[in-house]
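Student: Could we go through this structure together? I would like to start with how the terms are defined.

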Amino acid sequence: MRKIAFITLIILAGFSSFSQEMDPLVNSKKLGLVSYLTYVKAIGEYKMISLASDNQYKDEKFKERIISFHSAYNILRLSVEKLINQLSADLLVSNRLKLYKQMNSYIKAGTRLPSGYTGYEDLIKEIDGALDVLQIKTYKSTQGGFSLVDITGVVELVHGIITDARDAREKKVASLTGILKDLKLVKLGDLVKPEEGDKKESDAKSK
């Protein structure tokens, strides 16, 4: 019954203000940076796995499209790594959580960052854009995205981690950088395992 009620609410989300309220990405940002990056990691990896699990993934006629899938995932992964690596470095240099708190304020409420750190704002927009591009990737000629079942399933999977993110602001710098490191996206080669024949061919090329 609860699930049916939730689906009904989504269907009624034609009003822009309401649809924004139900947007899982927007909701993940309400908790802060760790929650946001947890969502990006979960959705990005899930989307790539779902594309690679499709039988069409091995079909030669989709080769160009599959290269596009890989490119979109790698761009998202690179954007997240740039953010996490630079933020970790800046936190370790200052040995204070002030920048992390400022990042949290920006993610939650759009509060502008200090002039020396506005590049992070561009990086967040870059990540949002890269995630959008990956989510609409499909084998069909028309653009697609997640179904309601897909998205709620992933959100439920990471709900515990997102809830725990409230406590991240109380962590020491070393602990926080460790948390951020764990939120990097998995390398494409580790996420999508090549077939045995493809692996031998790839190994031969690398020699």
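Tutor: Contact means heavy atoms within 4.5 Å. This is a predicted model, in which local features need pLDDT of at least 70, side-chain atom pairs count only at pLDDT 80 or more, and totals for chains, interfaces and linings use all residues. Residues are numbered from 1 along each chain as its sequence is written, and side-chain values use heavy atoms, with hydrogens and water left out.

Student: With that in hand, which residues is Ile 127 in contact with, leaving aside its neighbours within four places in sequence?

Tutor: Ile 127 is in contact with Tyr 36, Val 40, Leu 76, Ser 79, Val 80 and Leu 83, once neighbours within four places in sequence are set aside.

Student: Where is Ile 127 placed, and is Ile 127 buried or exposed?

Tutor: Ile 127 belongs to helix H7. Helices (H or I, at least four residues) and strands (E, at least two) are DSSP runs, numbered from the N terminus. Ile 127 is buried, because its relative accessible area is 0%. Buried means under 20% relative accessible area, exposed over 50%, and partly exposed in between, with a 1.4 Å probe and protein chains only.

Student: Let us step back. How many helices and strands does the chain have?

Tutor: There are twelve helices and zero strands. Of the 207 residues, 37% count as buried. Among contacts with a separation of 6 or more, 75% come from residues 24 or more positions apart.

Student: Which residues touch the most other members of the largest nonpolar core?

Tutor: They are Leu 33, Tyr 36, Leu 37, Met 48, Leu 76, Leu 83 and Met 103, in a core of 45 residues. At least two core residues come from each of H4, H5, helix H6 (98–109), H7, helix H10 (173–182) and helix H11 (188–191). A nonpolar core is a set of buried Ala, Val, Leu, Ile, Met, Phe, Trp, Tyr and Cys residues joined through side-chain atoms within 4.5 Å.

Student: Which residues is Met 48 in contact with, again leaving aside neighbours within four places in sequence?

Tutor: Met 48 is in contact with Tyr 57, Phe 69, His 70, Tyr 73, Leu 188, Leu 191 and Val 192.

Student: And helix H4: how many of its residues are buried?

Tutor: In H4, 17 of the 21 residues are buried. The helix covers residues 33–53 and reaches 30 Å from its first C-alpha to its last, close to the 30 Å expected at 1.5 Å a residue. The expected span is 1.5 Å times one less than the number of residues. Ser 35 lies in H4 and is buried, because its relative accessible area is 0%. A polar atom of the Ser 35 side chain lies 2.7 Å from the backbone oxygen of Ser 28. Ala 42, another residue in helix H4, is buried because its relative accessible area is 15%. The C-alpha atoms of Ala 42 and Leu 185 are separated by 8.4 Å, at 143 residues apart along the chain.

Student: New topic. How many aromatic pairs does a search of the whole structure find?

Tutor: The search finds three. One of them, Phe 62 with Tyr 139, is edge-to-face, at 5.3 Å centre to centre and 80 degrees between the planes. Rings of Phe, Tyr and Trp (its six-membered ring) pair if their centres lie within 6.5 Å; planes under 30 degrees apart count as stacked, over 60 as edge-to-face and the rest as tilted. Phe 62 and Tyr 139 are both buried, and together with Phe 69 they form one aromatic cluster.

Student: Lastly, is Asn 95 buried or exposed?

Tutor: Asn 95 counts as exposed, because its relative accessibility is 58%. Asn 95 sits in the loop between H5 and H6, and its phi is near 55 degrees, a positive value in a residue other than glycine.

Notes:
A polar contact is a pair of N or O atoms within 3.5 Å; within protein, one must be able to donate a hydrogen and the other to accept it, and residues adjacent in sequence count only if both atoms are side-chain atoms.
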